[in-house]
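Trainee: I am new to this structure and would like to learn how to read its features one at a time. Could you begin with the terms and then go on to the case at hand?

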Amino acid sequence: MTVLPVTIWGEPVLHRRASEVEVFDDELRTLISNMFETNDAANGVGLAAPQVGVGKRLFVYKYANDDGVPPTGVVVNPVLTLSKISGALPDPDDDVEGCLSFPGEHYPLQRADWAHVQGFDGDGKPVDFVATGWFARVMQHEYDHLDGKLYVNKLVDRYAKKAMKQAKKNGWGVPGLSWMPGVDPDPFGH
């Protein structure tokens, strides 16, 4: 297994819809193994293929949950059905997210409380489960990557302005930027 570099906001693959996975083969399974390795090295709870420069519709996760779902897994070609998202402002303490592709930053975002997740595993076998609470947040966050959106694209105005100011300060928003988990300092201080 190989740890892959994580792309940073501004890399084109992060900002376009990923394509469906059509072939479940050894190449796909190698990508999935490398994504698990990368997610572990980055201390992440999830990692989508575009975050490692691959424009395919799949993500891995590692999150202990209370939903009876294995704490690690992969979802290929996912479809999410969500509960209603509250129109209230996100709680600046309880609703804060971070992203490996917007490294080191945290901003509040309102999400649905549950998500029905359907798709396939790395062998093409069906995956079907309901995620609640923070596990649902992880699923929505990773799924958004597959549609070319980062959580910072969904922030309410005051947090969006802060995020864009920080991106500019960090020199992000241009192609070619990445960081290497396990080599570069952990941007979230784990």
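Mentor: Let us begin with residue classes: Ala, Val, Leu, Ile, Met, Phe, Trp, Tyr, Cys and Pro count as nonpolar, Asp, Glu, Lys and Arg as charged, and the others, Gly among them, as polar. This is a predicted model, in which local features need pLDDT of at least 70 and side-chain atom pairs count only at pLDDT 80 or more, while totals for chains, interfaces and linings use all residues. Residues are numbered from 1 along each chain as its sequence is written, and side-chain values use heavy atoms, with hydrogens and water left out.

Trainee: How many nonpolar, polar and charged residues are in the lining of the largest pocket?

Mentor: Rolling a probe the size of a water molecule over the atoms shows where empty space is left. On a 1 Å grid over the protein atoms alone, a pocket is an open set of points where a 1.4 Å probe fits, with protein on both sides within 12 Å along at least five of seven lines, and lining residues have an atom within 4 Å of a point. A volume is the space filled by probe spheres set on the points, which are joined across faces, edges and corners. Here the largest pocket has a volume of about 370 Å³, and its lining divides into 9 nonpolar, 9 polar and 3 charged residues. Of the 21 lining residues, Gly 44, Val 45, Glu 97, Gly 98 and Cys 99 lie nearest the centre.

Trainee: Which element gives the most to the lining of the largest pocket?

Mentor: Helices (H or I, at least four residues) and strands (E, at least two) are DSSP runs, numbered from the N terminus. Helix α2 gives the most, with 6 residues, and both β5 (96-99) and α2 (133-146) supply at least two. Gly 44 is found in the loop between α1 and β2 (46-48), and its C-alpha atom is separated by 9.7 Å from that of Gly 98, 54 residues apart along the chain.

Trainee: Is Gly 44 buried or exposed?

Mentor: Buried means under 20% relative accessible area, exposed over 50%, and partly exposed in between, with a 1.4 Å probe and protein chains only. Gly 44, with a relative accessible area of 14%, is buried.

Trainee: Which residues have the most contacts inside the largest nonpolar core?

Mentor: In soluble globular proteins, nonpolar side chains tend to be buried together. A nonpolar core is a set of buried Ala, Val, Leu, Ile, Met, Phe, Trp, Tyr and Cys residues joined through side-chain atoms within 4.5 Å. The largest has 33 residues, and those with the most contacts inside it are Trp 9, Met 35, Leu 58, Phe 102, Tyr 107, Val 152 and Leu 155. A second, separate core of 17 residues includes Phe 59, Val 75, Ala 131 and Tyr 143.

Trainee: How many aromatic pairs does the structure hold?

Mentor: Rings of Phe, Tyr and Trp (its six-membered ring) pair if their centres lie within 6.5 Å; planes under 30 degrees apart count as stacked, over 60 as edge-to-face and the rest as tilted. The structure holds 9 such pairs, and one of them, Tyr 63 with Phe 135, is stacked at 6.0 Å centre to centre, with 5° between the planes. Tyr 63 lies in the loop between β3 and β4 and Phe 135 in helix α2, so the pair ties together parts that are 72 residues apart in sequence. Tyr 63 is partly exposed at 23% relative accessible area, whereas Phe 135 counts as buried at 1%.
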